[in-house]
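This report looks at charged side-chain pairs and at backbone angles in one model. Please keep the sequence and the coordinates in view while reading.

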Amino acid sequence: MKKALVLLLTLAMLATMVVGVSAAENTATASITISNAKNGETYSAYKLLDIESKTDTAVIYTVADGWEAFFETGGAGAKWFTVEGANNYVTIKEEYADDPDEVKAIAAAALKYAKDNSKAAKASAEAAERG
């Protein structure tokens with residue numbers, strides 16, 4: 001169950017990448033809301049990409065430290081992403097961008113890579129009942 005919950009959180013992070021991030025300027029805090037979170041369950045987030053720059057209509061991503069092998073040719077993420085140029089800009093391949101099943105598969109592959117390579121979650125939190 002915990003693995004599925006982490007998968008959903010990873011999926012949520014990837015989904016923001018697919019539709020384009022319209023995040024506020026860099027802030028010290030951020031939050032993720034998980035619908036139907038199970039009280040007492042721990043949820044974790046992994047950082048696969050860094051934001052190189054952004055405009056009102058686009059975001060440029062690069063590979064986060066420690067995730068290079070996931071994205072490189074032959075890596076688990078190479079099916080879905082292209083890494084290009086001297087700055088290693090990452091884009092999702094167009095044929096996968098709007099397919100929810102493929103986005104779930106990306107999340108599953110990223111979670112497996114994190115576990116297999118002892119990647120620490122960027123953040124974890126235990127769900128608590130709202131009152």
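Is D50 buried, exposed or partly exposed, and at what relative accessibility? D50 counts as partly exposed, at 22% relative accessibility, where buried means under 20% relative accessible area, exposed over 50%, and partly exposed in between, for a 1.4 Å probe and protein chains only.

## Basis of the model

This is a predicted model, in which local features need pLDDT of at least 70 and side-chain atom pairs count only at pLDDT 80 or more, while totals for chains, interfaces and linings use all residues. Residues are numbered from 1 along each chain as its sequence is written, and side-chain values use heavy atoms, with hydrogens and water left out.

## Salt bridges

The structure holds three salt bridges, a salt bridge being a side-chain nitrogen of Lys or Arg within 4 Å of a carboxyl oxygen of Asp or Glu. One of them joins K47 to D50, with the closest N and O atoms 2.7 Å apart; K47 is partly exposed, its relative accessible area being 38%, and D50 is likewise partly exposed, at 22%.

A further salt bridge is formed by the side chains of K79 and E102, at 3.6 Å from N to O. K79 lies in the loop between helix 2 (68-71) and strand 4 (81-84), whereas E102 belongs to helix 4 (residues 100-116), so the pair ties together parts that are 23 residues apart in sequence. Helices (H or I, at least four residues) and strands (E, at least two) are DSSP runs, numbered from the N terminus. K79 is partly exposed, with a relative accessible area of 41%, but E102 counts as buried, at 16% relative accessibility.

Helix 4 also contains K112 and D116, which are four residues apart and therefore separated by about one helical turn. K112 forms a salt bridge with D116, the closest N and O atoms lying 2.5 Å apart, and D116 is exposed, with a relative accessible area of 51%.

## Positive phi angles

Most residues other than glycine have a negative phi. N36, although not a glycine, has a positive phi of about 60°; N36 is placed in the loop between helix 1 (2-19) and strand 1 (42-45), and at 80% relative accessibility N36 counts as exposed.

N88 is not a glycine either, yet has a positive phi of about 55°. N88 lies in the loop between strand 4 and strand 5 (89-92), and at 40% relative accessibility N88 counts as partly exposed.
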